[in-house]
Amino acid sequence: MNTPHHIRTPLAQVRGYGAAKSGTGDFWVQRVTAVASIPLTIAAVVIMIILLGRNQPAAAQILGSAPVAIIMLLFVATITIHMRVGMQVIIEDYVHDELARLALIIANNFFVVIVGLTAVYGLLKLSFGL
Amino acid sequence: MSFMVEMRSLEGRPATERPLSPHLQIYRPTLTMTMSIVHRITGFGLYFGTILLAWWLNSAAGPDGYAKFQAFAGSWIGRLILFGYTWALFHHMLGGIRHLIWDTGRGFGPNEREWLAAANLIGSIAITVILWIVGLLAWGGPQ
């Protein structure tokens with residue numbers, strides 16, 4: 001990084017960041033997961049409606065079957081990555097205190113991993129009967 | 001941020017004298033602006049709603065846990081949350097499709113952007129109502 005008395009941005013650092021060569025990772029991930037989440041959300045909602053009114057053994061059997069479990073795993077993975085980026089943008093926009101911002105960004109990462117892996121654990125348990 | 005603070009102190013003026021860009025409340029509300037704000041709010045809500053998704057998927061392994069989840073989901077507060085979650089999900093999805101269209105450089109015309117915003121709102125409400133009619137037929141009345 002530049003020393004404090006340098007005000008000009010080093011050109012070498014900026015070169016190559018144009019035309020999305022790098023430095024736009026979060027932007028790109030947000031678009032990829034957005035596109036993926038459209039069919040996956042529709043599929044997940046259809047699965048939820050199919051499971052309405054069914055008892056626990058039937059729900060467990062359907063959720064644990066390979067196609068349903070794989071769709072739900074993809075759904076969980078996609079939306080958790082998507083919401084990690086989305087919440088970080090919200091934090092960066094509104095939380096101006098540096099320490100609070102860092103703490104919330106870390107908390108965001110923790111939350112997303114905990115919720116995501118908890119959901120994955122539930123699905124794997126139904127699939128493999130752990 | 002520390003860079004900005006340094007720049008201000010070098011100029012010898014307090015930060016408050018610097019011109020600030022106008023914020024939301026200075027503009028007349030428009031449909032596209034409201035939809036943009038709602039997109040962010042629905043995303044924020046959906047984020048915490050994933051706790052329910054994780055609970056549901058973990059409850060299905062045993063009868064007791066599933067009964068607890070079903071009791072919550074069948075209660076009036078549970079149904080209200082799920083109804084709001086359904087609308088937020090489809091509003092965010094349609095809003096996201098709108099943003100993907102914008103990413104290609106299309107849909108920015110004065111008529112197109114208004115039409116897209118209206119379609120976003122009407123579409124999300126229509127999908128929510130249709131899904132809940134289907135869902136309540138499958139689910140049965142209040143428990």
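Asn120(B) is buried, because 24 other C-beta atoms lie within 10 Å and a count of 20 or more qualifies a residue as buried. The model in which this residue is seen is a predicted one. Asn120(B) has its place in helix α5 of chain B, which covers residues 110–139. When neighbours within four places in sequence are left aside, the residues in contact with Asn120(B) are Met35(B), His91(B), Leu94(B), Gly95(B) and Arg98(B). Of these, Gly95(B) is 25 residues from Asn120(B) in sequence, while the two C-alpha atoms are 6.0 Å apart in space.

**Two further residues**

Ala67(B) belongs to helix α3 of chain B. It is partly exposed, since 13 other C-beta atoms lie within 10 Å of Ala67(B), and partly exposed residues are those between the limits of 12 or fewer for exposed and 20 or more for buried. The C-alpha atom of Ala67(B) is separated by 28 Å from that of Phe44(B), and these two residues are 23 residues apart along the chain.

Gly129(A) is found in the segment that follows α5 of chain A. This residue is exposed, as its count is 9 other C-beta atoms within 10 Å. Between Gly129(A) and Ile47(A), which are 82 residues apart along the chain, the C-alpha separation is 20 Å.

| Pair | Separation along the chain | C-alpha distance |
|---|---|---|
| Asn120(B) and Gly95(B) | 25 residues | 6.0 Å |
| Ala67(B) and Phe44(B) | 23 residues | 28 Å |
| Gly129(A) and Ile47(A) | 82 residues | 20 Å |

**The two chains**

Chain A has five helices and zero strands, and its elements run α-α-α-α-α from the N terminus on. Of the 130 residues in chain A, 22% are buried. Among the contacts of chain A between residues at least 6 apart in sequence, 69% join residues at least 24 apart.

Chain B likewise has five helices and zero strands, in the order α-α-α-α-α from the N terminus on. Chain B has 143 residues, and buried residues make up 21% of them. Of the contacts in chain B with a separation of 6 or more, 70% are accounted for by residues 24 or more positions apart.

**Helix α3 of chain B**

The helix that holds Ala67(B) can be examined in more detail. Its twelve residues should span 16 Å at 1.5 Å a residue, and the end C-alpha atoms of α3(B) are 16 Å apart, which agrees. Which residues of α3(B) are buried? They are Tyr66(B), Phe69(B) and Gln70(B). Because these residues cover an arc of only 100° around the axis, they lie on the same side of α3(B). An α-helix has 3.6 residues a turn, so residues three or four places apart point the same way. On the other side of α3(B), Asp64(B) and Ala71(B) are exposed. The cover over the buried residues of α3(B) includes α3 of chain A together with α2 of chain B.

**Packing of helices**

Two packed helices are described by the angle between their axes and the distance between the axes. In chain B, helix α2 (residues 31–59) and helix α3 (residues 63–74) pack at an angle of about 145°, and their axes are 8 Å apart. From α2(B) the contact draws on Trp55(B), Trp56(B) and Ser59(B), and from α3(B) on Gly65(B), Tyr66(B), Lys68(B) and Phe69(B). By class, the residues of this contact are four nonpolar, two polar and one charged.

In chain A, α3(A) and α4(A) pack at an angle of about 75°, with 5 Å between their axes. The two helices are therefore roughly perpendicular to each other. Ile62(A), Leu63(A) and Gly64(A) of α3(A) meet Val68(A), Ala69(A) and Met72(A) of α4(A). The residues of the contact of α3(A) with α4(A) comprise five nonpolar, one polar and no charged.

**Contact between the chains**

Across the two chains, 28 residues of chain A are in contact with 29 residues of chain B. On the side of chain A that touches chain B, at least two residues each come from α2 (25–51), α3 (56–64), α4 (66–94) and α5 (98–128). Helix α5(A) gives the most to this side, with nine residues. By class, the side of chain A that touches chain B has 19 nonpolar, six polar and three charged residues.

Note on methods: Residues numbered from 1 in each chain as written. Chains lettered and ligands numbered in written order. Predicted model: local features only at pLDDT ≥ 70, side-chain atom pairs only at ≥ 80, totals over all residues. Axes fitted to C-alpha atoms, helices over the stretch in contact; angles between N-to-C directions. Helix = DSSP H or I, 4+ residues; strand = E, 2+ residues; numbered from the N terminus. Contact = placed C-beta atoms within 7 Å. Nonpolar A, V, L, I, M, F, W, Y, C, P; charged D, E, K, R; others polar. Expected span 1.5 Å × (residues − 1). Arc of directions from axis to C-beta. Parallel < 35°, antiparallel > 145°, perpendicular 65-115°, else oblique.
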